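Trainee: I would like to go through the terms used for this model and see what stands behind each one.
Mentor: Then have the sequence and structure open.

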Amino acid sequence: MIKFCTLASGSSGNSLYLESKYSKILIDAGISFRRISRSLGSMGLTVSDLDAVVLSHEHEDHSRAVGKMSEVPVYVSGETVDFWERKRNGHDHKNSGGPSKTAGSRNGAIEKFREFDSEEPFLINDLTITPFSVAHDAIDPVGFTVTDGSVKIGIVTDIGKPTALVIESLKGCDALVLESNHDREMLFSGSYPPYLQQRISGGHGHLSNEQSASLLGEVLHDGLKYVLLAHLSAKNNTPEMALGCSLGVLRRNGADGRVMVDVAPRNTVGEVITV
Ligand SMILES: [Zn+2]
Ligand SMILES: [Zn+2]
């Protein structure tokens, strides 16, 4: 059995709390340390109760608090740590590609990171975390599946397109946390400058509602119980539109009565889901 809930979801910050019998972890820590403490506090927990923080990529909306996570091991891809190391030593002036800053520049404790390989599963107590590469404009971005041996949760945001690897990785999940970032019409008729519209909708940006729903259709199976739509754009999407797209796919596949779909709130702790 695994329980999870988002602490925050969207371009201003992402963090997901996940708990199994023997582990308590965060996937991403893209809000302030104070907000993480407060959010965990609302569930009767403290930061020191965490066994690990696992990072999907270096963009600040996923990594903001890692510099202050001195008491918790931070698992991050080896390539991302190398990038932070080069940046800290002034050898790499390359921008990570996104508009957001990275955490590495102000992180003095790079050696404390536990590095993972983006193609290799790793263990945290009773959890097996399997990272898989995604197309996104970061150094070594990944999505994850997490299993305690009885249930499997797929967690993927910040993907430019649903690649064969993403689809393969998300098959057989009991629950999904799935990016449904924008409505294409809202994005292209909205106030964002053209370069940002291109970046978001491009193959290394974010999934539209339609792409997300189509990905859901690809990985839908009888065991899927719950879908949490995540990383919604505040300006270029509405929860209703994101839900509408995904529900449409479920309906067409006769699964709308069986699979629960919800939207992760942007700035508050979401509902605790147990699978
Ligand atoms: Zn993001
Ligand atoms: Zn990102």
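Predicted model: local features only at pLDDT ≥ 70, side-chain atom pairs only at ≥ 80, totals over all residues.

Mentor: Residues are numbered from 1 along each chain as its sequence is written, and chains are lettered from A and ligands numbered from 1 in the order in which they are written.

Trainee: What makes H7 roughly parallel to H8?
Mentor: Helix H7 (residues 209-219) and helix H8 (residues 239-252) pack at an angle of about 30°, with their axes 9 Å apart. Roughly parallel covers angles under 35 degrees, roughly antiparallel those over 145, roughly perpendicular 65 to 115, and oblique the rest. The angle of about 30° therefore makes H7 roughly parallel to H8.

Trainee: Which residues of H7 and H8 meet?
Mentor: Asn209, Glu210, Ser212, Ala213, Leu216 and Gly217 in H7 meet Met241, Ala242, Cys245, Ser246, Gly248 and Val249 in H8; contact requires C-beta atoms, placed from the backbone, within 7 Å. By class, the contact of H7 with H8 has 6 nonpolar, 5 polar and 1 charged residues.

Trainee: Why is Ser20 called buried?
Mentor: A residue is buried if 20 or more other C-beta atoms lie within 10 Å of its own, exposed if 12 or fewer, and partly exposed in between. Ser20 has 23 other C-beta atoms within 10 Å, so Ser20 is buried. Ser20 is in the loop between strand S2 (15-19) and strand S3 (24-27). Leaving aside neighbours within four places in sequence, Ser20 is in contact with Ile2, Asp126, Leu127 and Asp148. The C-alpha atoms of Ser20 and Ile2 are separated by 4.7 Å, although the two are 18 residues apart along the chain.

Trainee: What puts the buried residues on the same side of H3?
Mentor: In helix H3 (residues 78-88), Thr80, Val81, Phe83 and Trp84 are buried. They cover an arc of only 155° around the axis, which puts them on the same side of H3; the arc is that of the directions from the helix axis to the C-beta atoms. The buried residues of H3 pack against strand S5 (74-77) and strand S6 (114-116).

Definitions and conventions. Axes fitted to C-alpha atoms, helices over the stretch in contact; angles between N-to-C directions. Helix = DSSP H or I, 4+ residues; strand = E, 2+ residues; numbered from the N terminus. Contact = placed C-beta atoms within 7 Å. Nonpolar A, V, L, I, M, F, W, Y, C, P; charged D, E, K, R; others polar.
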